Amino acid sequence: MKRKQITNSEITEIVATNSKPTAYSGQSFPFTELSDRIFEIMLYQIFQLRIETKDLSLIEKYDSVALMQGVGEKGRDCILTQKGANVGLIQCKQINKNITKPEVLKEILKFVLHYINDKSLITDIDNFTYYLAVSKGLAETSITLISNFNKNFKTEDIKHYCEELISKYAGLKSINYNDQKAEIFKVLEKIQIKCINPSDLSRYLFEHDSLVKYFFRVLTMTDNALLESIIDTYLSPILNKIIPKEDRENKDFSFRFKEYIQRVYTHYSSSRTLVFGNQQKKLEDFYYPLNLECKVEEIDCKPLKVCTLNYEEDFLPQFRKVIIVDNGGMGKSTIMKWLFLNVIKYKKGIPIFIELRKLKNRKTIIEEIISELNPIDKVLEKDLVTKLIAQGNFIFFFDGYDEISDIDREFVTTDLQNFISKSSNNLFLLTSRPETALNTFSDFKEFKIKKMEKSEAFELIKKIGNNSEKSLRLIEKLKENVFENIDDFLQSPLLVSLLYKKFEYRENIPIQLQEFYYDVFEALYQDHDLTKGDSFVRNKKTKLSFNDFFQILREFAYYTFKKEEIEYNDAILNKYLDEISKRLPHIKFKFNDLAEDLVKAVPLFNKEGLQYKWSHKSFQEYFTAEYICRDSKERQVSILNQMYRSSKSEKYFFIFKLCYDIDFKSFREAILVPYLNEFVEHFENSFTFLSSLPNIDLNELILRKLITFNKSFLIITNRNSDIINSIFNKLKMEDIFNAGKLEDFPDFMDDDHKIMLILFSSVTIIGLRKQSDILNLLINKKSDLLKDIKNDSKKNKKMKKLTEGLPETIIVNLQQNFSNETAENLILFNNLILSSWPEKKNQHLDIDKCKIFLKNYNEEIANIQEDYYQGF
């Protein structure tokens, strides 16, 4: 049967005469303002472009989409085919309300009944997908129905709906429901039903933004009417409350906030990224919406996922204080900028963005806000700004807690705590790499960034590469799945982006992390500007060779990393380069030329105004690791050992990962061997008194040895305990996570331990960790020194029953105490500790493998002959 398809010329004519609704750039689109036909055309063109660009979710399902004429098309606005077979359809519902369950059922049944009359509509019921595209949304009952449609439909009155449709449509009059019931049910049990809702449509248009201009009149977010709306909604009411009527005309606060929003929106709407060679790019051109996940160790919290495509109500303001904690390169700052822009787009409040690394020399948050507002009278405006903020309606974005220098950390943390406490009517979003000091913000809901799935990484590659042949070749190469560790490079937006950048230069896939960063650096040095053609290489003003340039970067990174600085003005940069040049007298270069090369020719730095900043902190760490392993010579082992023993060792995690790859022998000598020796000593000499306990389970004894290596815990069973109140007071007043011991507490920590977690739940757990612990590094490296130990959740459930008769405080450490005085207590507290552990890891050191490793190492050292290094 010939399909009545609409032609491209007809589509062009319809779209050209369409009256376009107004949408603000990046804001949710007003789909309900589109006409029925335009909505159908939009769906058709979205799917057409997704198929043409080889969308991974469609590429193996469909090779063509056709838009139908729109009259008498048997419940099919668009049909999807694969090699000529009918394998799917799109039915559009353009209506300004949520579609109810009866409406959903009738739409689907109408098509199924037409299929009963015309079997050509579905080639194979085992391979057919019915898409229902809605402009507004679905009722809750509709969502439940579709979630498992092939089963859920059986609870509905299918006969009633079918007979209603048969009586309504002339083309269905010949059908007798009772005769066709079995066939109808067979189809409903087989075909897949999927909904395309407005958020899906927004995402598709976001990924294929060339379509937007055909359907919407887009205004920029700096449009005056939008800014006025934000000011009128959120700022003017509180200004009127705190400024006397007779003084209002003399105050230009509205103007200052409006100017601030406009300026900062413009600033964060675009960015210079290394993958685009430091070209200024719109954030929406390379942003990929990641998902946030609520911390799973919070016993009372169901797992929660939030997509960062738009400003979601179940994120802010549902949680008034949120902290996003994850490793470098996961996209924390980019998410912050995107959500900041979305607050403006969706008119959700007055956003204030503060990069915490800028708070130096005892500069307070209020002072930073006031300086951003360009005030005339700082003294007067400080008082007014403080009063304004106290009223509410502000959303504060505090980015990069981990980038605060140690010198300023205590002051900034205290100031931040005080500011949040006095501004509790507002919303707060904070980001940081993992640090124990973050437990200071225990009243913040903690989220992590969900690691990217392979399919998401591939979509990001296509987005960055603009669906180029090179981006598709990279995806195909990655799909070959012959690279053992490649998944590690596909879970982080930064690494995915750099992988594409590196692949542009040389089409191979790195195996190790160190090799990956080296290849990216080489690609940047050898062939910077690929946008100007494969043969174009930007001249370097320094005329330095690759090796000389590499050596300068290693020296500079190491020198500045020790100073905990990633940003420098002209004067500081020249001062540091002068120091470097004295250490490398054989390399001649002009400071200004090198600074220009680092921004333009080999764009590892960004320049904003007079400030130079590493394009990403991980590059400073990479070159630092290369310096330690290549240039520090006989001091290498000493440097690594100092870092390992340091109270700041958690900050060096990424450098340790790199050194593990670059020079494993030195890493082994400086860090791994001392660590394993400590473990063996602990394992063989701890808890010897427990072996005589009646009914002792040796596996539980081994588990206790493992979970107390380098760690100890204080468990507080009474929620109303004075100790807990004391903890809360200390959290508000000081950074107890970097300050050492907790005074006036039960003695459960040694001098070389630091607090790593405070978990408030049915019981409160304070956990300590030795400052030098590399278990997570070994887990990350998939070391064969580890073994899996599963937490017995059934045993752990018994802990809930053990709520009466317990001491107020219970210590779990190397001593004999209540936590291990009976075999039952040993089991219960083992499982309680494991269930609360932040990393949720089931891997621990294997004592037998560790002993073998140390034995082999000692034999290797003993067998090295002095003449091995002679004879030349």
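The bend at a residue is taken as the angle between two axes, one fitted to the seven residues ending there and the other to the seven starting there. Helices (H or I, at least four residues) and strands (E, at least two) are DSSP runs, numbered from the N terminus. The model is predicted, so local features need pLDDT of at least 70 and side-chain atom pairs count only at pLDDT 80 or more, while totals for chains, interfaces and linings use all residues. Residues are numbered from 1 along each chain as its sequence is written, and side-chain values use heavy atoms, with hydrogens and water left out.

**Helix 16 and its partner**

Helix 16 has a kink of about 25 degrees, centred on Val412. From its first C-alpha to its last, this helix of 17 residues reaches 25 Å, close to the 24 Å expected at 1.5 Å a residue, where the expected span is 1.5 Å times one less than the number of residues. Val412 is also one of the buried residues of helix 16, which include Asp408, Arg409 and Asp415; buried means under 20% relative accessible area, exposed over 50% and partly exposed in between (1.4 Å probe, protein chains only).

Helix 16 (residues 406-422) packs with helix 14 (residues 365-372) at an angle of about 75 degrees, their axes lying 9 Å apart. Axes here are lines fitted to C-alpha atoms, for helices over the stretch in contact, and angles run from 0 to 180 degrees between N-to-C directions. Helix 14 is therefore roughly perpendicular to helix 16, a label given to angles of 65 to 115 degrees. Ile365, Ile366 and Ile369 of helix 14 make the contact with Asp415, Leu416 and Phe419 of helix 16, contact meaning heavy atoms within 4.5 Å. Ile365, Ile366 and Ile369 are among the buried residues of helix 14, and Asp415, Leu416 and Phe419 are among those of helix 16.

**Backbone geometry in loops**

Helix 14 is followed by Asn374, whose phi is positive, near 50 degrees. Two further residues have a positive phi although neither is a glycine, as tabulated here.

| Residue | Phi | Loop between |
|---|---|---|
| Asn393 | about 80 degrees | helix 15 (378-391) and strand 16 (394-399) |
| Lys633 | about 55 degrees | helix 24 (617-630) and helix 25 (636-645) |

Asn393 counts as partly exposed at 31% relative accessibility, whereas Lys633, at 57%, counts as exposed. A cis peptide bond, with omega about 15 degrees, joins Leu316 and Pro317, and Pro317 has its place in the loop between strand 13 (305-307) and strand 14 (321-325).

Notes:
Parallel < 35°, antiparallel > 145°, perpendicular 65-115°, else oblique.
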